[in-house]
Amino acid sequence: MALADTHEHDGQQLARDLARMERIAVGRRRALGLFGSAGATALLAGCGGSDSSASTTTTVSTSTPTPTPTPTSTGSTSSACVSYASETNGPYPADGTNTSRGLSSNVLVESGVERSDIRSSFLGTSTTTAEGIETTLTIRLADVNDSCAALAGYAVYVWHCDVDGHYSLYDLPNESYLRGVQVTDENGECTSTTIWPGCYNGRFPHIHFEIYSSLDNATSGRYAVLISQFAMPDEQNQEVYATSAYSSSKSNYSGESISGDNVFGDNTTAQQEAMTLTATGSVSEGFTAVATVGVAT
């Protein structure tokens, strides 16, 4: 079993150990889930032209507790969806599952966390805006147990590192940028304005996210129905990391790959493809990135 995020920073040893323990636990739960569904047929479909058949979907069952009534899937559907693998939230989630030397260890309960532009800090006195190449991120949630019907009214918490590979509220305890929550619309979509994340040593470039069945559940920091990560596409990584603003990322990115990553590497090919953002744009104009996230309701 691969270990969790190996981002190296002072004072984070305990957090890393906890993240590794969580990664092992996730792997065990995943294995148990496979044994439990051995009698069922699980069909994986690729998003946007995968090698898999575009007409199939993954059917998975979950037992995540839901303390309050939750939104149901709508009639709007996408053509195909792949059930995302559960991944570690790493040692820097600030979702109430960890402690930190920063201003808050649970940013989800803070006023202002629900926002579409996550580039600036919003806690304490800092309003610093993270530098980097502007990226518009659109996430589409689809119900793999209901013909990929759109999941409206769900909340998505997104966070990632800055151009130097640093996380707010941890490496940068006085900053709270590059973190935010959005609620999906009737099409199961939410859109955030952020920057292209940097690449730090030991990990393929990525964006973390957690999905909650309602905004109330998200802002109480409880009952995530999925914790996972997006991989940044290689073609755009090469372009971005060639710029001077991302100078440290260029050397860190050398030799990294999705298949060799200690988080993405043990997923199926279909999952790796689906969990990699599809991006268009340029370094000068900015990028637009999209992903369809298959969720088992």
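Predicted model: local features only at pLDDT ≥ 70, side-chain atom pairs only at ≥ 80, totals over all residues.
Colleague: Why is strand β4 described as largely enclosed by the rest of the structure?
Modeller: A residue counts as buried when its relative accessible area is under 20%. Strand β4 covers residues 155-159, and it is largely enclosed because the number of its residues that are buried is five of the five.

Colleague: Which residue of β5 stands opposite Val158?
Modeller: Strand β4 is joined by five bridges to strand β5, residues 179-183, and the two run antiparallel. Within this pairing, the residue of β5 that stands opposite Val158 is Gly180.

Colleague: And in β7, which residue stands opposite Tyr157?
Modeller: β4 also pairs with strand β7, residues 206-212, in the antiparallel sense and over five bridges. Opposite Tyr157, the residue in β7 is Glu210.

Colleague: Turning to the charged side chains, how far apart are the closest N and O atoms of Arg119 and Asp117?
Modeller: Side chains of opposite charge can pair when their charged atoms come close, and a search of the whole structure finds four salt bridges. Asp117 and Arg119 are linked with Glu134 in a network of such bridges, and Asp117 counts as partly exposed because its relative accessibility is 31%. Between Arg119 and Asp117, the closest N and O atoms are apart by 2.7 Å.

Colleague: How many residues apart in sequence are the parts that Arg140 and Glu189 tie together?
Modeller: Arg140 forms a salt bridge with Glu189, with the closest N and O atoms 3.0 Å apart. Arg140 lies in strand β2, residues 134-143, and Glu189 lies in strand β6, residues 189-195, so the pair ties together parts whose separation in sequence is 49 residues.

Colleague: Is Arg203, which meets Asp261 in a salt bridge, buried or exposed?
Modeller: The side chains of Arg203 and Asp261 meet at 2.8 Å, N to O. Arg203 lies in the loop between β6 and β7 and Asp261 in the loop between α4 and α5, so the pair ties together parts that are 58 residues apart in sequence. Asp261 is buried, with a relative accessible area of 4%, and Arg203, at 1% relative accessibility, likewise counts as buried.

Colleague: The backbone nitrogen of which residue lies 2.7 Å from a polar atom of the side chain of Asp171?
Modeller: Asp171 lies in the loop between β4 and β5, and it is buried, with a relative accessible area of 13%. The backbone nitrogen that lies 2.7 Å from a polar atom of its side chain belongs to Tyr167.

Colleague: What is the phi of Leu169, which is not a glycine?
Modeller: Most residues other than glycine have a negative phi. Ala94, in the loop between β1 and β2, has a positive phi of about 50 degrees although it is not a glycine, and at 0% relative accessibility Ala94 counts as buried. Leu169 has its place in the loop between β4 and β5 and is buried, with a relative accessible area of 0%. Although Leu169 is not a glycine, its phi is positive, at about 70 degrees.

Technical notes
Residues numbered from 1 in each chain as written. Heavy atoms only, no water. Buried < 20%, exposed > 50% of the residue type's maximum accessible area, 1.4 Å probe, protein only. Helix = DSSP H or I, 4+ residues; strand = E, 2+ residues; numbered from the N terminus. Pairing = 2+ DSSP bridges. Polar contact = N/O pair within 3.5 Å; in protein donor to acceptor, adjacent residues only side chain to side chain.
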